[in-house]
Amino acid sequence: MKATQHPTEPPPEGPSWSAGEHITFGGLSDKGSGYMAYSERVGPSVLVLHDAYGLLPSVRALTDRFVSEGFTALAVDLYEGKTADGADAADAMAAGLDILDTMKRLTAAVEHLSSNWHPRLGLVGFSAGASLATMLAREVDVDATVVYYGGGAGLEQSWAARPLLGHFARGDDFEPASSALQAIATLNDAEAFSYDAPHGFANANLTGYDQSAAELALERTLEELHYQLS
C-alpha cells in the first residue's frame, strides 16, 4: 500500500500517551515490540496496526483512546522504533517489511493479549496496517476487524462471516473507495463507509488529516468494537 501524505507537527491533541509503556513480546523467533496501554479494569483486547509512517504520536494517542473506552490496547511497532519523515521514506519502509517475519510478530502480539489480558480481540489497521490486519484475521481468532483506507486483496477474499468494518476515502488514489465498497458489499457480516477526505485522513500527524472524518470514523469504530467485543 503506498503512502500519500507527509508528516506534520505538532503531535495531535488528545489523551496523553505517557500512561502507557513500551513493551516487548514473543520469543527468540517472533520477538516484537509496541506501545501497550491498559487500565486497572482489564477490557477486551484491541491490536492496532499503524500505517506506513510508523508508530507516530497519533497512534499512541489513539491507543490511549481505546483504553479510555474500556479496552486493553497494544499498538505494534512494525518498524522497531523507526518512523518515516515523508511519503517516499514511508513507502520504502512499508515495502521493506518481511511479511513472514511480520506475521510471526503479529501472531505473537495476539498471543500476548489473549494469554495475558483478555481472550476477545479486535484488530484496527490503517493503510499498510489494514492489509496486514486482513491477513492476520485469517490466521488467528479475531472477533472484529476494522480497516482504514486499506485492506488490499484481503477484502476480496472470503471473509468466512468474520465481522469487518471499513473506512475509505473518496479522495484516495491508492485504495479507491468505490472498489473497496464493492468488495465489502460481497462479504458476509461486513459494513463500510466512505468519507470526503484523502488517504490518511485519520492520522493527525499527516497533512491530509481531516478532523471531522476522523472523529466520525472513530465513533463508528468504537461502536463496532463495543458491540463485537462485549
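The legends below accompany close-up views of a predicted model.

**Figure 1. Overall organisation of the predicted protein.** The protein contains 6 helices and 8 strands. From the N terminus on, these elements follow the order β-β-β-α-β-α-α-β-α-β-β-α-β-α. Of the 230 residues in the protein, 55% are buried. Among contacts between residues at least 6 apart in sequence, 68% join residues at least 24 apart. The protein exposes about 10100 Å², of which carbon and sulfur atoms supply 48%.

**Figure 2. Helix 1 and the elements that cover it.** Helix 1 comprises residues 57-68, and its end C-alpha atoms lie 17 Å apart. This separation agrees with the 16 Å that its 12 residues should span at 1.5 Å a residue. Because 10 of the 12 residues are buried, helix 1 is largely enclosed by the rest of the structure. The buried residues are P57, S58, V59, R60, A61, L62, T63, D64, F66 and V67. Their cover includes strand 2 (32-37), strand 3 (45-49), strand 4 (72-76), strand 5 (121-126) and helix 6 (211-229). Just after helix 1, G70 adopts a positive phi of about 100°.

**Figure 3. The largest nonpolar core.** This core holds 34 residues, of which L47, L74, V76, L106, L123 and L136 touch the most other members. Two or more residues each are given by strand 1 (21-25), strand 3, strand 4, helix 2 (87-95), helix 3, strand 5 and helix 4 (128-136). Helix 3 makes the largest contribution, with 6 residues. Leaving aside neighbours within four places in sequence, L136 is in contact with L47, M103, L106, T107, V110 and L123. A second, separate core has 29 residues, including A73, A75, V146 and Y195.

Figure 4. T102 lies in helix 3, which covers residues 99-116. With a relative accessibility of 0%, T102 counts as buried. Residues up to four places away in sequence being left out, T102 touches L78, L97 and L132.

Figure 5. Most residues other than glycine have a negative phi. S127, which is not a glycine, has a positive phi near 55°. S127 is placed in the loop between strand 5 and helix 4. Its relative accessibility is 2%, so S127 counts as buried under the 20% cut-off. Y149 likewise is not a glycine and has a positive phi, here about 35°. The loop that holds Y149 runs between strand 6 (144-148) and strand 7 (164-171). Y149 counts as buried because its relative accessibility is 1%.

**Figure 6. The polar contact between D172 and H199.** D172 belongs to the loop between strand 7 and helix 5 (177-185). The relative accessible area of D172 is 6%, and the residue is therefore buried. A polar contact of 2.7 Å joins the side chain of D172 to that of H199. Not counting residues up to four places away in sequence, D172 touches Y149, A197 and H199.

Conventions:
Residues are numbered from 1 along each chain as its sequence is written. This is a predicted model: local features need pLDDT of at least 70, side-chain atom pairs count only at pLDDT 80 or more; totals for chains, interfaces and linings use all residues. Side-chain values use heavy atoms; hydrogens and water are left out. Helices (H or I, at least four residues) and strands (E, at least two) are DSSP runs, numbered from the N terminus. Buried means under 20% relative accessible area, exposed over 50%, partly exposed in between (1.4 Å probe, protein chains only). Contact means heavy atoms within 4.5 Å. The expected span of a helix is 1.5 Å times one less than its number of residues. A nonpolar core is a set of buried Ala, Val, Leu, Ile, Met, Phe, Trp, Tyr and Cys residues joined through side-chain atoms within 4.5 Å. A polar contact is a pair of N or O atoms within 3.5 Å; within protein, one must be able to donate a hydrogen and the other to accept it, and residues adjacent in sequence count only if both atoms are side-chain atoms. Accessible areas come from the Shrake-Rupley method with a 1.4 Å probe; for residues, only the protein chains shown count as cover.
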